[in-house]
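Let's look at this structure together, one question at a time. Each answer sets a value beside the rule that gives it a name.

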Amino acid sequence: MDRKFFYFSEMGYNAYPQELADQYGYTALMFPNSIFDANVARDLWQMFLREHEFASEMGFDGSVCNEHHNNVISMQESVNISAAVLTQRIKGTIALIGNPLPIHDNPVRVAEEIAMLDLISGGRIISGFVRGTGIEQLSTNANPVYNRERFEEAFQLIRKAWTEPGPFRWEGKHYHFRVVNPWQLPLQKPHPRIWAAGILSPETIRWAARQRITYLVLGSALDATASCRDIYHEVAREDGWTPTSEHLGYLLHTCVMDTDEEAFEMGRHHFGSGVGRGGGAGLSGTGSAGSTTSGPHPEWNSPPGYMSKQAKTGAMAKQRQNSQGTYEAANKAGLIVTGSPKTIIQKFKHIIDRTDPGYLTFWAREGKKPHEATMRGIELLGKEVIPALREHRSALITGKEVTPWPH
Amino acid sequence: MAALSAVAAESRTITGLDIEVRRAGKGPSLLVLHGEFGVPGWLDAYARLSQSFDVIVPSLPGYGRSQRPEWIMSVRDYAAWVTWFARDIGLSSPVHVLGHSLGGWIAAEIATIAPQFIDRLVLAGAMGMKPESGEIFDYFLESGRTGIERAFHRPEQCAEYRKYYIGDWGPDQNEATEDHREMTCRVAWKPYMHSLTLPGLLPAIATPTLIVWGRQDAITPLNSGELYQRGIAGARLAVIEDCGHMAEMEQPGAFAGLVQDFLK
C-alpha cells in the first residue's frame, strides 16, 4: 500500500492557568473543572476543526481523532462525535484512535455508531480501539482489573456484530445480550480497518498481531517503536503470516516551522518537556502508564490490575522511562520530531527506514501553540514534507542504507 | 507465652488451591478472616488469643501466598469459599469467626447465608455497610503505602506498624501490596467496599455478635459500625480509644481482651 499521512491534534482545553497544570498535572484526575469556560471552549472547537479542515486542504490523507475523559488535554469526550463532525469537514480518511472499549457497558452501540460513521462518510472510517488510560478507569469507574478482558471481549463482540448475520445471542464473561442485531452495518466489507492503539504494552502488541490488525504506536520513541515492530513480526511469524506496512501505524509529535531555530523555539514552549510545561500534554501525551504527567499521583496511571507485571517492569517499560526528559533529549530519541521541512524530511526518512509504518500521523498541534503557527506547520507538512516522504521507500523493504539522522 | 513467637505460614492444597495458613493455640476454633492488606505475620493479637483458642488464619485466595482462582469475583464468593475451606481442614462448625475490615464483610455475609457455621461473630472495622455519614476511604485513589499509613491512628507509635511497614519496601513487599490491591479490586470495586443487599439481610443474623471499632478509624467510618449494630439484633459495639482502622495491630491488648471476653 502507499503510505498514508494523517493529521492529529488532541484538541485540548488550553485555557487553563499554568500553575494549576503544574500543581495537578495535565492528565490528572482531580484537575478542577471550575476553570472551564464554555465560551472559550466553543471558540477552541471552531479553531481546532478549522485546522483539521486545512490539513485536508493541504493534502493530508486524513485526520485522526481520539477520546479522553476528565482532563484538560482533550476536549474529545466522545471519539465518535469528533469523527462525525470530521466526516463533514474533511475529504479523506477519519481514523478513530479510538473507542475505549472497557469503559463501555454496551459494545453493540459502539458497533452501531461506527457503522453509522462509515455509512455517512462513504466508507472513510478506520476504527481504532483502545483500552483507555489508567486514569480513565478511575474517572469512568471501569474496574481496571478486568480492563484487558473487557477490551478483548468487546472487540470480539463488535467484530461478530459486523461480520455475522443477526440476530444472535451473546453470553460472555463481561457482556451479555439477549439479541445482537444491529440494523446498520458498515459500508466497508467485511468491516472498516481496525487498529489497536497503545503505548507499547507488549500484551497488546502480541494480541494485535494475533488478530492481524494494525497496531498504532502512540507517541513513543523510535527505538521502542522499532522493538514493537519486531515483536509484532515475531508473533506473525509464529502464526505463519507476514505483516506488511499496513500493520503498523506511528503517531509522533511533530513541530515544523520555516527554520530549525523557529521550530525548536516553538516546540520547546508548546510541546511540553516531560512535565507538559507550556501547554503540552507531556511527551507521553496520553497520560499513559509510565508517563510522568499525572502530577502528584503517578499511581493513577496504573490502578490495581491495569498493567501486567511484565508491562510495568519489562524492557519496553524501561524504554518508555528512558525516553522521557528534556525537549532536546526527546528529539534525540525520536520521541518528538522538530525542525524545518528539510530537517524533518530527513528525520522522517530515517524513521520510515527503521519502522516502515503504513500510517504516519503527525501530532502537529499541541496545547497553547498559536493558531497561526499551527496553520503554517500544517501548510509546510502538506506542501513540502508529505510530498517528499511519499516517494520514500523504507530501507526495511529496499535493503538500502538507513537514512542518517540529521545533526 | 510460647505462641508469641512467630508462627510460620504453611502452604498446602485446600479447596483445590495452594493456600497459606497460620495456626496456633488450643481450645475452641477461632477462624480469622484478614482485611484488604492480607496477613503480614503472626500478630501479637493472634498470639494472645491463641492462649485460649485454636487460632486459624488463612490468607484468602489472592492474598499472601495463597493462589488466586479466576472465579472469585465477589465478597459472597469469598464467603462460600471460607465455609469450604473450614470443611476441608476438618473444622467442626459452628466456629468462632473474627473478621477484620474486608474480612469482616465476608464474615457478615457468611452469617446471613450460613448461620449454622458461626458460633460467635466478631466484626472489626468491617467493610460492607455504606455509612450514612462520611465515606469509606478509597484505597484505589491513593498508593498502597498511603492506604496502609492511613489505617493506623499513630503509625509511628505502633510496634507492629514499625515491624511490618516502616522503612523502604523491597520489591517483594511492593509486589505483595499490589497483588492485594488487585484482589480487593476484583471483589470490591463497585459498589466500593459495600453491599447493597447486606443492610436488608442483617436482621436475619441471630448469631451473637461483637462489633469492634477504633475511635479514630480513618478508613471505615465508625458510623458503619453503628449501622452493623443497629442491623444485628443484640449486637454490641465496643469502641477502642486512641486507635485507627487496624485495631488488632494498633491496640492488640485491648483488642484481644475484648474478643476473648466475648468469646468466653
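Q: Which parts of chain A do the buried residues of α9(A) pack against?
A: In this predicted model, the buried residues of α9(A) pack against β9 (248-256), α12 (327-332), β10 (336-339) and α14 (371-390) of chain A. The buried residues themselves, in the helix that runs over residues 260-270, are A:A263, A:F264, A:M266, A:G267 and A:H270.

Q: How do you know that the span of helix α2 of chain B agrees with its number of residues?
A: Helix α2 (residues 75-88) of chain B has 14 residues, and at 1.5 Å a residue it should span 20 Å. Its end C-alpha atoms are 20 Å apart, which agrees.

Q: Which residues of α2(B) are buried, and what do they pack against?
A: The buried ones are B:V75, B:Y78, B:A79, B:W81, B:V82, B:F85 and B:A86. They cover an arc of only 165° around the axis, so they sit on the same side of α2(B). Their packing partners in chain B are the strands β1 (10-14), β3 (29-33), β4 (54-58) and β5 (95-100) and the helices α3 (102-113) and α6 (171-188). After α2(B) comes B:G90, which has a positive phi, near 85°.

Q: Why is B:S101 called buried, while B:T15 counts as partly exposed?
A: Let's count neighbours. B:S101 has 28 other C-beta atoms within 10 Å, and 20 or more are needed, so B:S101 is buried. B:T15 has 18 C-beta neighbours inside 10 Å, which falls between the cut-offs of 12 and 20, so B:T15 counts as partly exposed.

Q: What is the phi of B:T15 and of B:S101?
A: B:T15 is not a glycine, yet its phi is positive, about 55°. B:S101 is not a glycine either, and its phi is also positive, about 55°. Most residues other than glycine have a negative phi. You can find B:T15 in the loop between β1 and β2 (17-24) of chain B, and B:S101 in the loop between β5 and α3 of chain B.

Q: What makes the peptide bond from A:I97 to A:G98 cis?
A: Its omega is near 0°, and the bond is cis. A:G98 lies in strand β3 (residues 93-100) of chain A. Another cis bond runs from B:S93 to B:P94, with omega near 5°. B:P94 is in the loop between α2 and β5 of chain B.

Q: Which residues have the most contacts inside the largest nonpolar core?
A: They are B:I106 and B:V212, in a core of 96 residues. Not counting residues up to four places away in sequence, B:V212 touches B:V122, B:A124, B:A238, B:I240, B:A247, B:F255 and B:L258. Apart from this core lies another, of 84 residues, including A:L86, A:I126, A:Y359 and A:F362.

Q: How many residues of chain A are in contact with chain B?
A: Nine residues of chain A are in contact with 10 residues of chain B. On the chain A side, five are nonpolar, three polar and one charged.

Q: Where does the pLDDT of chain A stay under 50?
A: That happens over residues 273-294 of chain A. Where pLDDT is low, the predicted coordinates should not be read in detail. Chain A as a whole averages a pLDDT of 90, with 91% of its residues scoring at least 70. For chain B the mean is 96, and 98% of the residues reach 70 or more. The predictor gives the complex an ipTM of 0.94 and a pTM of 0.94.

Terms used: Residues numbered from 1 in each chain as written. Chains lettered and ligands numbered in written order. Predicted model: local features only at pLDDT ≥ 70, side-chain atom pairs only at ≥ 80, totals over all residues. Contact = placed C-beta atoms within 7 Å. Nonpolar A, V, L, I, M, F, W, Y, C, P; charged D, E, K, R; others polar. pLDDT = per-residue confidence, 0-100. Helix = DSSP H or I, 4+ residues; strand = E, 2+ residues; numbered from the N terminus. Expected span 1.5 Å × (residues − 1). Arc of directions from axis to C-beta. Core = buried A, V, L, I, M, F, W, Y, C linked by C-beta atoms within 7 Å.
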